[in-house]
Amino acid sequence: MPIEITNDVFGYQAKDNGKKILTVFFCDVTFPYRKYQERTVCEIRDVVLYQANISQKTEAMHLIYKKIEEDYGEPPYIPAELDYDAKKILSILFSQGLIPKIQLLEPEFEQYKHDLSSSKAGKAAKANIVATTTKLYVSSTPRYGALPKKSSVIERAPRSYNKDRTQQLLRHVATQLFHFCKVNHYEPVEVQLLYLEGSLVIATNSIEATNFLSAQLTPELLKHILCTTYLVPDEQESKALSRFARKLKARVYGKHTFAHKREQIIQKLLREFKKSVIDTRNLAKINFEPGQIYLVTNINNGVQHAEMHLLQVLKFFEDQSGHAYGSPVIYGKKRPCFTCHISLTQAEQEGLEFSFNNYPGLFFFGELKRQTETSAQETVHTLTYYRDVYTSSSVPTNGYCTLSDSEDDGTPHAAHKI
Ligand SMILES: [Zn+2]
């Protein structure tokens, strides 16, 4: 017989076959909300436990928690002053990811931890956290993903890259390579580039796509790819792609002289295209030197997004020559997803000097599954405490076009194949 939940003005009670399992006493807390509104939430006062086994008590607590969420429109808040046995039950629900940390009235509560390990329980906890803290984001275009429940999607207006020529250049190159893969029926999902110490590193989300690029690319073909206009179903995007091709043709292969050394080096790298490959499982064996374009063709199991391959390379080879050739940049076709953005930000906070796209895109569960425990803690924390995500408005104004972000997936329908 399933556990039965009843409630009166003071508490919620869970019973099994008429036998009490636990009672949760609560009070309503009302506070001003926005300008003229009020919001009433439920705060747990006390939990009284009766004779029952621990799994029954845990299930009962979870059911009451969900019932309160249904009644109040949000889950109950949990004070620090509960007694030991009640905390034990709650800590199990925390560990399983069924209660997010934001419900704690004392955020410093150390004994409550989500299990974010790579164990089976850890994976289930990650799934529960995603279910409790995120909502699906779907729009009319083929976009999907998720975002923290209370946050919103902010559409960023098109921007100028006047001050960020390296970022612009890397984005254009990444976008052209992306479409080249697509017309040849490879699905890179994303292409990202890292500028580091006089070299470029290219990564995609698909090892097959990177291997394809690695096998095919020559200086001549790269020139051809960068100067080709790829056509996609979206007219605005096609126009933007045509501008990318024109700009690359003029700036990389024409008489253009970039004002800064870093872009001059990238121009030379693209023109000469000296190819090398990187196996991220064995970075110590690689003699990383200036003047090369590296492709990440072999990767650690468990890492998928292009930015994460590049971050690994950057962390390993950074600081070899004090950025004699200009500081490192990671930039690609799309925004870093919510999860990768957290790993990038964390690396920056730990003292790694580099620039990247600072506006996170949508959240993808797959990346959280693959994140290390420390980064996953950070992601869950950010998911719990809300963070807005960004998409790009594709309306070009002032000649700028943001073209793409972490969700768009324009499939080219006509362009050259090899
Ligand atoms: Zn990502």
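1. Y12 stands opposite V24 in β3. The structure under comment is a predicted model. Strand β2, residues 11–16, and strand β3, residues 19–33, run antiparallel and are joined by six bridges.

2. These two strands belong to an open sheet of four strands, paired antiparallel in the order β1-β2-β3-β4. At the edges are β1 (4–7) and β4 (37–49), each of which pairs on one side only. From one strand to the next, the twist averages 25°. Strands of a sheet pair through backbone hydrogen bonds, in either a parallel or an antiparallel manner.

3. Helix α9 comprises 12 residues, 306–317, and should span 16 Å at 1.5 Å a residue; its end C-alpha atoms lie 17 Å apart, so the two values agree.

4. Helix α9 is mostly covered, with nine of its 12 residues buried. These are A306, E307, M308, H309, L310, L311, V313, L314 and F317.

5. V380 is located in helix α12, residues 373–384. Is this residue buried or exposed? V380 counts as buried because it has 23 C-beta neighbours inside 10 Å, the cut-off for burial being 20 or more.

6. Leaving aside residues up to four places away in sequence, V380 touches H114, L116 and I129. V380 and I129 are 251 residues apart along the chain, yet their C-alpha atoms are separated by 7.5 Å.

Note on methods: Residues are numbered from 1 along each chain as its sequence is written. This is a predicted model: local features need pLDDT of at least 70, side-chain atom pairs count only at pLDDT 80 or more; totals for chains, interfaces and linings use all residues. Two strands pair if DSSP finds at least two bridges between them. Axes are lines fitted to C-alpha atoms, for helices over the stretch in contact, and angles run from 0 to 180 degrees between N-to-C directions. Two residues are in contact if their C-beta atoms, placed from the backbone, lie within 7 Å. The expected span of a helix is 1.5 Å times one less than its number of residues.
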